[in-house]
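Good morning, and thank you for coming. Please look at the model as I speak.

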Amino acid sequence: MKKPIILLFALAVVSGCSPKKDDQATVFKKINEEVLANSRAYETLEEATKTIGHRLTGSEEGAKAEEYTYNLLKSYGLQVAYQPFEVESWSRGDIEVQIGSQGSLAPMPAVTLAHSPVEAEITAEIVDMGNGVDADYEAKPGAVEGKIALVYIGTLPNSPEGTPGLHRSEKTALAIKHGAIGIIIINQVDGGVLLTGTASVTGSLISIPAVCIGKEDGLALKETLTKSRQFASIKMTNKSGLIKARNVIATIKGSELPNEKVIVGGHLDSWDLATGAIDNGIGSFAVLDMARTFAALNLKPKRTVQFVMFMGEEEGLLGSRHMVNQAIENGTIDQIKYIMNQDMSGNPAGFGTGGRPEAEPFFKQIGKEIMAIDSTTYKNVVSNGAGLHSDHQPFMLQGIPYTSPASRLDRAIYGCYHSDCDDFDLVNKEHMVNNVRFSSMMLYALADADTLPAQKLTDAETKAFLERHNLKLKLQIGGDWRWDD
């Protein structure tokens, strides 16, 4: 009886047959079991925050973070490569802010916003410009010429319906456009928390000093301005120059469609006021553990999967822009079929379609399969918005569809975003593990799908898509609107 069995096996090998691939439900079950038993996302993030500290692009710590993640991915048995780039980068120096009536200024706690000038020293009157959007400047034409604009970082209570929620860099660009020689941005977090981040829409130096002050100080200043004129003295020094940084990319080659790529990425870099555990340690270290999970289970979906640690996101999406530009230059941009962006993500209730409603049936169907694994945490939420200011943006501007987890994180952590309190004690291990579980399942489903839920848009379709999602003005302010109207 042995000979026929051997013969049948030999015939199967000759004919090109291979062991039957696990169905998706089985893969999802294996992913769930592997992550629950062996996830290292929380532990590696803890180690990195203790041994490296912050991960500012271009800094010694940033380079250590690149090396740490490269070696970690290598240890999982993955094919890993650096993607180096050289760009202008900024780092903070000294700052002194004094505010009060003319001739009677007093120190006020403040933090420099990135890409402020290398050196600045100004004294001028402060003008309250509300939310710092176009309507505020239209209501006070010429009000900030030669003066310092005071704006709220978010949208003030009782603002008119439809007030656009502009990024701090966009508000700075508008202040510059209207002749301001400085800008003070009021944080929206209680407790005097000071926030940093870029004030440049392009990632290059801006022409005026930009600073952030605490919510309580800022609101008190707004009240004082209703009664008397107030002035500010802003002195600062900063550093700017060309730096070298590296995206870190781990690749699992597709089993059937190796030239089609699905990318999951998260920005590894952080600001330097703390260790960046939330922004974006929880996202980027989840990506690392997703890579570990795929390697441990030897998952081989149809399409190539790339796990990317982007550098330079905080200073203008530098690493993701470089990746897209390089793909355009070498003719591989059409190989990138989908992006999953992990930025401050955790404990997903579902996933977003990235503004592509045609993708909703796919995400709903895969969501049902994830709920068969865990319906307590995962709720099959599908969001349909599209936004900017994270590493999906350069890909989206090329018409490439993207998704992100619909995260449900502890609200308290958002107060420490970009701030001096963004440390490891904010991290919830269960939330990280849930993100790795559900994101790995969704990533596998995308990479192994017979038909992807959304296709790359043409240039004309991309323009219409961005207009439909009210992103044109923001992209124009940022210099990323490439269409002539």
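Let us begin with α10 and α12, which pack at an angle of about 135°, their axes lying 10 Å apart. Axes here are lines fitted to C-alpha atoms, for helices over the stretch in contact, and angles run from 0 to 180 degrees between N-to-C directions. Helices are DSSP runs of H or I with at least four residues, strands are runs of E with at least two, and both are numbered from the N terminus.

Before I continue, a word on the source: this is a predicted model, in which local features need pLDDT of at least 70 and side-chain atom pairs count only at pLDDT 80 or more, whereas totals for chains, interfaces and linings use all residues. Residues are numbered from 1 along each chain as its sequence is written, and side-chain values use heavy atoms, with hydrogens and water left out.

To return to the pair, α10 and α12 are therefore oblique to each other. By the convention used, angles under 35 degrees are roughly parallel, over 145 roughly antiparallel, 65 to 115 roughly perpendicular, and the rest oblique.

Which residues of α10 and α12 meet? From α10 they are Phe362, Phe363, Ile366, Ile370 and Ile373, and from α12 they are Phe438, Met441, Met442, Ala445 and Leu446. Contact means heavy atoms within 4.5 Å. By class, this contact has ten nonpolar, no polar and no charged residues. Ala, Val, Leu, Ile, Met, Phe, Trp, Tyr, Cys and Pro count as nonpolar, Asp, Glu, Lys and Arg as charged, and the others, Gly among them, as polar.

α10, residues 360-373, also packs against α2, residues 24-38, at an angle of about 50° with the axes 10 Å apart. That angle makes α2 oblique to α10, and their crossing is right-handed. On the α2 side the contact is made by Gln24, Ala25, Phe28, Lys29 and Asn32, and on the α10 side by Ile366, Glu369, Ile370 and Ile373. By class, there are five nonpolar, two polar and two charged residues in this contact.

α12 has a further partner in α8: the two pack at about 55°, with axes 9 Å apart. α8 and α12 are therefore oblique to each other, and they cross in a right-handed sense. Among the residues that meet are Ile282, Phe285 and Asp289 in α8, and Met432, Asn435 and Tyr444 in α12. The residues of this contact divide into nine nonpolar, five polar and one charged.

I turn now to the cavities. How many cavities of 30 Å³ or more are there? The count comes to three. On a 1 Å grid over the protein atoms alone, a cavity is a set of points where a 1.4 Å probe fits but cannot get out, and lining residues have an atom within 4 Å of a point. Grid points are joined across faces, edges and corners, and a volume is the space filled by probe spheres set on the points.

The largest cavity has a volume of about 80 Å³. α8 (277-296) and α12 (429-448) each supply at least two residues of its lining, which includes Ile278, Ile282, His431 and Met432. By class, the lining of the largest cavity has seven nonpolar, four polar and one charged residues.

The second largest cavity holds about 60 Å³ of space. Trp271, Asp279, Glu314 and Asp422 are among the residues that line it, and its lining comprises three nonpolar, four polar and three charged residues.

Finally, some local geometry. Most residues other than glycine have a negative phi, and most peptide bonds are trans. Asp279 and Asn280, however, are joined by a cis peptide bond with omega of about 5°, and Asn280 lies in helix α8. His115, a residue other than glycine, has a positive phi near 75°; His115 is placed in the loop between β3 (110-112) and β4 (119-128).

Methods
1 Å grid on protein atoms, 1.4 Å probe; cavity = no way out; pocket = protein on both sides within 12 Å on 5 of 7 lines; lining within 4 Å. Left-handed = near helix turned anticlockwise from the far one by under 90°.
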